[in-house]
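Try each task before reading its solution.

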Amino acid sequence: MSSQRTSIHGQWSSRLVFILAATGSAVGLGNIWRFPYVAGENGGGAFVIVYLLCVALIGVPIMIAEVMLGRRGRRSPINTMRALARDEGHNPRWEYLGWLGILAGFMILSFYSVVAGWTLAYVFRSASGMFAAMDAEAISMAFDSLVSDPERLLAWHTVFMIMVTVVVARGVKSGLEQAVRFLMPALFVLLVAMVGYAMGNGEFARGLEYLFSPDFSKLTPTGVLEAAGQAFFSLSLGMGAIMIYGSYLSSKASIPRTVGIIALVDTLVALLAGLAIFPIVFAAGLEPAGGPGLIFKTLPVAFGQMPGGAFFGTLFFVLLLFAAWTSAISLLEPIVAWLVENRGVNRIKGAAAGGGLAWLLGVPSLLSLNLWSDYTLFGKGFFDLMDYTTANVMLPLGGLLIALFAGWKLARAASEKELALAPGPVYEAWRFLTRYVVPLAILLVMLNVTGVLAVLSGMGR
Ligand code: PHE
């Protein structure tokens, strides 16, 4: 019977370990680097409200579905989807959902590693104490000079990808568990301290207003799509990372409760990051719409001024690095699990192949920030294109398919059993959201944007 499958890759030693690993996957650059910059580009408040709605109404039901499918299939997302579709007497082509995820995983990991490389560089920059003597403008220029240097970017990108590959090669359990157990709480505490600093020294009231008082006239249909995309990206949804982690979860753990905790922590970290960053943005006279460099241009301003700034700055970027590390590991894991299952290689070879390919794909990303900055498609360079398409197109599409499968294709008895919920309000709410609300919302958000693009390009006339 399908629910008695076991994974050949092992199992988490407890529900807590799963929570830590999944939180490690969810909390990463998406919360601290991406959330503030995307929110800033979309005008703040209204974007944040739509983001929170997307997390609650779309993200949580999909995460429940993804963990559930993973635990029922107990294999890499491709094989899980094929097996579950077969169990239920459906078309085995559902496995393409897994392939979409593998592709998205490669694409995200490639630029993710470039940004994690910036974080690595900033560990050393903070430790050197160089920010102490700099004003906001000099700090901005220091970031621009890093990004315009392809050799340095390549070096840091390479170091990070090796770090990820090594952990995945050794198996997710040994190194990873320890990292998330201590470092994630430490990151949380340090973020709270940064918010404290921003309260005392930044324009906190303005930052607060910027993040939480919605001005819906600033929100475009593209902004709505980006809020949904950010929810998928931040919660690691729609590409199989959470599915593969679910496949290592014991059959006894309660999925909905667990998912609730993960989504809550992920959201808190993003909001804390926003509360730490925007007051500094305003106090330093910077633009909220500063783009992907935002945190690297603002937080060092604070570290440059506070007592012990070199210490706290170094600590902050080290912790951010660990957050990025645990997320990147979950991006590579589904790929490696598939290579092990279907290509008969061991984890070491699988990790090297997967990591190597993602590394290669990262090279055009980092070159698009400097030498290749003139080559654009739809007005975006390669880096932006990867970031934009994965978060706003591929992950929502993956999420849509997951919801359709879990809500419509999987027998009711099966999801009821996996979710260990007797027929009751929570189960009914999940099922209703997954069958109707999630698919409709994703479709509306995506179509809306296509409509706007059509008008923009004159096709609407
Ligand atoms: N959720 C991670 C972050 O916020 C990124 C990620 C996306 C990880 C998709 C896995 C899958 O940084």
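The expected span of a helix is 1.5 Å times one less than its number of residues. Keep in mind that this is a predicted model.

**Exercise 1. Compare the length of helix α1 with its expected span, then decide how enclosed the helix is.**

Step 1: Helix α1 covers residues 15-26, which makes 12 residues.
Step 2: From first C-alpha to last, α1 reaches 16 Å, close to the 16 Å expected at 1.5 Å a residue.
Step 3: Look for residues under 20% relative accessible area, the cut-off for buried. In α1 these are Val17, Phe18, Ile19, Leu20, Ala21, Ala22, Thr23, Gly24, Ser25 and Ala26.
Step 4: Since 10 of the 12 residues are buried, α1 is largely enclosed by the rest of the structure.

**Exercise 2. Repeat the analysis for helix α10 (residues 221-234).**

Step 1: With 14 residues at 1.5 Å a residue, α10 should span 20 Å.
Step 2: The end C-alpha atoms of α10 are 20 Å apart, which agrees.
Step 3: The buried residues of α10 include Leu225, Glu226, Gln230, Phe232 and Phe233.
Step 4: In total 11 of the 14 residues are buried, so α10 is largely enclosed by the rest of the structure.
Step 5: Following α10 comes Ser236, with a positive phi near 60 degrees.

**Exercise 3. Describe how helices α4 and α5 pack.**

Step 1: Two packed helices are described by the angle between their axes and the distance between the axes.
Step 2: For α4 (residues 77-87) and α5 (residues 95-127), the angle is about 165 degrees and the axes are 7 Å apart.
Step 3: Angles over 145 degrees count as roughly antiparallel. The helices α4 and α5 are therefore roughly antiparallel to each other.
Step 4: The crossing of α4 past α5 is right-handed.
Step 5: On the α4 side, Pro77, Ile78, Met81 and Arg82 make the contact, and on the α5 side Glu95, Leu97, Gly98, Trp99 and Ile102 do.
Step 6: Sorted by class, this contact has 6 nonpolar, 1 polar and 2 charged residues.

**Exercise 4. Is Ser76 buried or exposed, and which residues does Ser76 touch?**

Step 1: Find Ser76 in the loop between α3 (45-73) and α4.
Step 2: Its relative accessibility is 0%, so Ser76 counts as buried.
Step 3: Leaving out residues up to four places away in sequence, Ser76 touches Ile244, Pro334, Ala337, Trp338 and Glu341.

Conventions:
Residues numbered from 1 in each chain as written. Predicted model: local features only at pLDDT ≥ 70, side-chain atom pairs only at ≥ 80, totals over all residues. Heavy atoms only, no water. Axes fitted to C-alpha atoms, helices over the stretch in contact; angles between N-to-C directions. Helix = DSSP H or I, 4+ residues; strand = E, 2+ residues; numbered from the N terminus. Parallel < 35°, antiparallel > 145°, perpendicular 65-115°, else oblique. Left-handed = near helix turned anticlockwise from the far one by under 90°. Contact = heavy atoms within 4.5 Å. Nonpolar A, V, L, I, M, F, W, Y, C, P; charged D, E, K, R; others polar. Buried < 20%, exposed > 50% of the residue type's maximum accessible area, 1.4 Å probe, protein only.
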